[in-house]
Structure formats: C-alpha cells, structure tokens
Amino acid sequence: MQSYRYPLFIRLTHLGLIIFGLSAFLTGEWAEEEALGYLVHAYLGLALTLFVLSRTMVGVVGPKALRFSSWLPITSQRFSLVIDDIKRIFHFELPQHEKHEGLSALVHAFGIALFLWMGLTGTVLYFIDDYEMSKIGEFVAEIHEVGESLIPLFLFLHIGAVVVHTLLGHPIWKRMLSFRKV
Ligand code: HEM
Ligand code: HEM
C-alpha cells in the first residue's frame, strides 16, 4: 500500500503549501502589529495563494484521479466511507486507504477550501488601501481571521493523521514528502 506516491507536480505544490501556508499562518498576528509585519505576511500569503490556486486548477482540469469530481466526498457512496472511517476510529481501528478516500478526503478538501479562503480574502485585503480605515476593509479583515482558529484545527487533524499512521507502521508521509529516486 505504501508504494503509491503522488505525482511530482503535486508533491512540489504540497511543499509550497507547507512552507508558505505555515509561514503565512505564523506571521498573521504580526501583520496587525507593524508595517514590516504586514509586508512579510502579505507576500508570504500571496505566494501561498499561487500554490493553492494551482492545486485548485489541477482539481478542476488536471489528471482524472486528482480531480475534485473523482474524490470529493459529495456522493452518498463516498460520504458513507467517511462515516465508516469515523466509526472505525471510535473502535480504535486505523482506517487505511490508497489516497483521497473516506475521512482523509474530507480533511484534504477542508484544507484546500480553508487555505483558498485565506488566500482570496487576503488578496482582497492587499488591494484595499488603508484597510483599517474603511468599513469594507474591516469586514474583509474580520472574515480573514477565521483562519486563526480553523488552521490549527486542520493542522491537528492532518498532521495528526500522518503521525499516527507512521507510528503504527504505515509511513504514509512517504507518499507526499519523499523525493528520493525509486
Ligand atoms: C494573500 C495575501 C494576504 C494578505 C494581504 C493578508 C493580510 C492580513 C492582514 C492585513 C491581517 C490583519 C487583519 C486585521 O488587522 O484584523 C491578517 C491576519 C491574519 N492572516 Fe493574513 N493575509 C494574507 C494571506 C494569509 C494567508 C494565506 C493566511 C494563512 C495561511 C493568513 C493567515 C492570517 C492569520 C492567522 C491572521 C491573524 C488573525 C488574528 O490573529 O487576528 N493570511 N492577514
Ligand atoms: C507540516 C505540514 C504537513 C504535512 C506533514 C503534510 C503531509 C501530508 C501527507 C503525508 C499527505 C498524503 C496523505 C495521504 O495520501 O493519505 C498529504 C496530503 C495532502 N495535504 Fe498535506 N501536509 C502538511 C501540510 C499541508 C498544508 C498546509 C496543506 C494546505 C492545504 C495541505 C494539504 C494537503 C492536501 C490537499 C493533500 C491531498 C493531496 C492532494 O490531492 O493535493 N497539507 N499531506
């Protein structure tokens, strides 16, 4: 099962999501505090936006297996796999799938939607001069701040799953984070 690896393009895009997603998240507070913080955060955020938009494009027009239409848990059959996985976890069993299936598909979709939201609302903020001085600027800053609580939740679920699988002898991290020649 561990032989599967995501295509190189997806692994590189994911590396961008990790680097710019985490650094944009960690500099969010700083953006509110001083001008330098705003600049650093904004440019990290804009870079993240390019990576998440590129993963979204692949989800729409890319290879069939990676398209949202092939894996989003929106059909009743796929959704029942999510419920099955949750039941398994309550019975202390580890759900195992090849890639986007069951609960992992739901968490992956949540991650893409959340970071897309942060990137797009952040990009709108970037184009509002003196965003703190206008009603619309304040509103966009407010809806941008959902990331403050939802990003830690996503990271906990996503990284937590990778760590638990790896500790239990299923090194799924290699599917995404290994760049060694095979
Ligand atoms: C695309 C460019 C982006 C711009 C221009 C931008 C701009 C801002 C600004 C101006 C604030 C302060 C909001 C306020 O004053 O209330 C902020 C906060 C924040 N941003 Fe961004 N942002 C961008 C992208 C991102 C991305 C991609 C993430 C997440 C990966 C992110 C995460 C955060 C967080 C967590 C906060 C702090 C919220 C808080 O502590 O209240 N931002 N951002
Ligand atoms: C240190 C942080 C991270 C680690 C260790 C990590 C690790 C992984 C691993 C091992 C997989 C493959 C899981 C599997 O096939 O079952 C994966 C998939 C995925 N990760 Fe992450 N990840 C991290 C951060 C992020 C961030 C910030 C995002 C932002 C959206 C993200 C989005 C995704 C998505 C969407 C997938 C599914 C693959 C795809 O279709 O693109 N990850 N991650």
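Mentor: Here is a walk through the chain, its two ligands and the words used for them. Keep in mind that this is a predicted model.

Trainee: What makes up the chain, helices or strands?

Mentor: The chain holds eight helices and zero strands. Read from the N terminus, the order is α-α-α-α-α-α-α-α. Its C-alpha trace spans about 55 × 35 × 35 Å along the principal axes.

Trainee: Let's turn to ligand 1. How do you know which protein atoms are donors of its iron atom?

Mentor: A donor is an N, O or S atom within 2.8 Å of the metal. The NE2 atoms of H41 and H144 lie 2.0 Å from the iron atom of ligand 1, so they meet that cut-off.

Trainee: Why is the site of the iron atom of ligand 1 called octahedral?

Mentor: There are six donor atoms, with angles of 87 to 180° among them. For six donors, the label asks that opposite ones be over 155 degrees apart and all others between 65 and 115. The site is classed as octahedral. Ideal angles for six octahedral donors are 90 or 180 degrees.

Trainee: What makes H41 and H144 a tie between parts of the chain?

Mentor: H41 sits in helix α2 (residues 35–61) and H144 in helix α6 (residues 135–144), so the pair joins parts that are 103 residues apart in sequence.

Trainee: Which residues are closest to ligand 1?

Mentor: Of the 27 residues that surround ligand 1, the closest are E32, H41, Y131, H144 and E145. By class, this shell has 14 nonpolar, nine polar and four charged residues.

Trainee: How do you know that Y131 makes a polar contact with ligand 1?

Mentor: A polar contact needs a pair of N or O atoms within 3.5 Å. A polar side-chain atom of Y131 is 2.7 Å from an oxygen atom of ligand 1, so the pair qualifies. For E148, the distance from a polar side-chain atom to an oxygen atom of ligand 1 is 3.4 Å, which also falls within the cut-off. The elements giving two or more residues to the shell around ligand 1 are α1, α2, α5, α6 and α7.

Trainee: And ligand 2: which residues coordinate its iron atom?

Mentor: H14 and H158 do, each through NE2, at 2.0 Å. This value is again within the 2.8 Å cut-off for donors. H14 lies in helix α1 and H158 in helix α7, so this pair ties together parts that are 144 residues apart in sequence.

Trainee: What is the site of the iron atom of ligand 2 called?

Mentor: The site is octahedral, with angles of 86 to 179° among its six donor atoms.

Trainee: What makes R55 and H100 polar contacts of ligand 2?

Mentor: An N or O atom in the side chain of R55 is 2.6 Å from an oxygen atom of ligand 2. A polar side-chain atom of H100 also lies 2.6 Å from an oxygen atom of this ligand. Both values are within 3.5 Å, so both pairs count.

Key: Residues are numbered from 1 along each chain as its sequence is written. Chains are lettered from A and ligands numbered from 1 in the order in which they are written. This is a predicted model: local features need pLDDT of at least 70, side-chain atom pairs count only at pLDDT 80 or more; totals for chains, interfaces and linings use all residues. Side-chain values use heavy atoms; hydrogens and water are left out. A polar contact is a pair of N or O atoms within 3.5 Å; within protein, one must be able to donate a hydrogen and the other to accept it, and residues adjacent in sequence count only if both atoms are side-chain atoms. Donors are N, O and S atoms within 2.8 Å of the metal (3.2 Å for Na, K and Ca); water is not among the atoms, so sites may look incomplete. Four donors count as tetrahedral if all angles lie between 85 and 135 degrees; four count as square planar and six as octahedral if opposite donors are over 155 degrees apart and all others between 65 and 115; anything else is irregular. Helices (H or I, at least four residues) and strands (E, at least two) are DSSP runs, numbered from the N terminus. A residue is near a molecule or strand if one of its heavy atoms lies within 4 Å of it. Ala, Val, Leu, Ile, Met, Phe, Trp, Tyr, Cys and Pro count as nonpolar, Asp, Glu, Lys and Arg as charged, and the others, Gly among them, as polar.
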